[in-house]
Amino acid sequence: MTSRIPRDSRLRLVRPRPLAAAPTAVNQRRPRRPAPRPPEGTPAPAVLARMARSGLADAARVAHWADGALGPGRDGAGSDGNGTLSDESAALAAADLGLTVAQVRADWDTARLAGLVEVHGDSARPGWRLRAWDRDDSAVLRGWVALFDAWSLAFPEPGDREPAAVAEVVSAMPQVLSFLQLSAGPVPVEQLLDLLEQRVTELRTERCEIPYGPQPEPVEEPEAANTQDAPLAPLLDWALRALASVGALTYGDGQATLTPLGNWAVWVKLEQICVAAQSPAGNIEVAAEEMLRGCAQLRPNAARAEYRAWLAARPVGSAVTELLDAARGDDALLRGLAFEALRVVGAPAEPDVRSVADEPTLRPYALLWLAEHDGIDPEDAHEVLTRQEATWLWVDTAAAVADHGEAPMLVRHLESALQPTVPQLLDEVRAVGHPRTVQVLVALAAAHPDPALAKAVRRAAFQVHTGG
């Protein structure tokens, strides 16, 4: 009687897949929401893109110049390491383009905010939007929306105002913009100032916390008193001028009016918020971990829409921090989903993602994210991982499938392993030291229809468990 245990159980070789795909393993059933239509009178996307190209023409010109003059192998100087052009590069650009140095620096800053150039350390490279500038209207519109989102960085803030007051006005401006969008026409600045003051008062009230028990008499700090009493009119003037500088509105004669681009962008933001608010979990208002769990049941496109809406409702820095904290948890599914959400964040998340690349739990995900961000095709991004890192990621994804998927999916996941044989896979899985190794092997043994292979996997699980 011959043994049924295979001596060299061959696996079908397939291209390894980034394991952020684990979330799609969940059985997804969700009625599709009809595509929303923009307000009547909104120009067609092609017309909006033409407006955006016109508004960003100077920034694109400087970005194209930088691509040619500062690229690898050229003699030009690069960035100074802080995202701004070095003096040598700015002077060279001014001479080549017939501009002043101040104009070059302003256009460079705009190009950075719009994602036309990306700065990495002391070097700059063209962003993907610049590559698609002439052929992809959606890339152009995304670039303009990125600039619109960064309006507070595009125009110098008043130097004589407290940073806290400036932050309050920035936080309150979405409501002002929503009012402008709903008004569908010119709005007097006095009316906008009333709305701004109401919203700032609400923000201050929301921050007020009343501690339990007797407390000493509060001592009002002079700086806090100045912030409370400071008039908001100059800051509203600054905000409207900044929004006008990016092309979101026109401002003059005591009134403000959204441009077609600004009107469309505000509508897009409101629509994203509405989509998230209609989800069963109300994802826009919850913490990152709960938001990711709410997105686990959605199809990829719907999940990305949820990520965008969730991100639009909070500062990018704190959102990225929340997502990385969620990724550090025990749930491998949330780890993959968190990095999918970080892909939606894009370039602003790069420093934080790069900073966690040394954490063993996050390293494979971070390396894949950085590779794709650097322009490597997602199908080839796995090549940046070492064999050990790829095996760790295989186990982590298997854990996500075991916890949230179905048995056939776990069996299919076996086929994505790098190792050509089951014994070799088991040896490397045992050596990689993933904390969920035993649970993954037990689940795989229970799911696999081949009794001989299942027995070999169970034996490996027992050996890991006992340290043998």
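Which residues in α16 meet which residues in α18? The close-up views below, taken from a predicted model, begin with that contact.

**View 1. Contact residues of helices α16 and α18.** In α16, the residues that take part are Ala332, Arg335, Gly336, Phe339, Leu342 and Arg343, and they meet Tyr365, Ala366, Leu368, Trp369 and Glu372 in α18. By class, the residues of this contact comprise 7 nonpolar, 1 polar and 3 charged.

**View 2. Geometry of the α16 and α18 pair.** Two packed helices are described by the angle between their axes and the distance between the axes. Helix α16 spans residues 332-345 and helix α18 spans residues 363-373; their axes come within 11 Å and cross at roughly 20°. Because angles under 35 degrees count as roughly parallel, α16 is roughly parallel to α18. The crossing of α16 and α18 is right-handed.

**View 3. Packing of helix α13 against α16.** Helix α13, formed by residues 288-295, packs with α16 at an angle of about 95°, and the axes of the two helices are 10 Å apart. The helices α13 and α16 are therefore roughly perpendicular to each other. From α13, Glu289, Leu292 and Arg293 meet Leu334, Leu337, Ala338 and Ala341 of α16. The contact of α13 with α16 has 5 nonpolar and 2 charged residues, with no polar residues.

**View 4. The second largest pocket and its lining.** Rolling a probe the size of a water molecule over the atoms shows where empty space is left. The second largest pocket holds about 370 Å³ of space. Its lining consists of 21 residues, and Ala106, Thr110, Leu147, Ser245 and Val246 lie nearest the centre of the pocket. Two or more lining residues are given by each of α1 (45-55), α2 (57-69), α4 (101-113), α6 (137-149) and α7 (151-154). Helix α4 provides the largest share of the lining, 5 residues. Sorted by class, the lining of the second largest pocket has 14 nonpolar, 4 polar and 3 charged residues.

Technical notes: Residues are numbered from 1 along each chain as its sequence is written. This is a predicted model: local features need pLDDT of at least 70, side-chain atom pairs count only at pLDDT 80 or more; totals for chains, interfaces and linings use all residues. Side-chain values use heavy atoms; hydrogens and water are left out. Axes are lines fitted to C-alpha atoms, for helices over the stretch in contact, and angles run from 0 to 180 degrees between N-to-C directions. Helices (H or I, at least four residues) and strands (E, at least two) are DSSP runs, numbered from the N terminus. Angles under 35 degrees count as roughly parallel, over 145 as roughly antiparallel, 65 to 115 as roughly perpendicular and the rest as oblique. A crossing is left-handed if the near helix is turned anticlockwise from the far one by less than a right angle, and right-handed if clockwise. Contact means heavy atoms within 4.5 Å. Ala, Val, Leu, Ile, Met, Phe, Trp, Tyr, Cys and Pro count as nonpolar, Asp, Glu, Lys and Arg as charged, and the others, Gly among them, as polar. On a 1 Å grid over the protein atoms alone, a cavity is a set of points where a 1.4 Å probe fits but cannot get out, and a pocket is an open set with protein on both sides within 12 Å along at least five of seven lines; lining residues have an atom within 4 Å of a point. Grid points are joined across faces, edges and corners, and a volume is the space filled by probe spheres set on the points.
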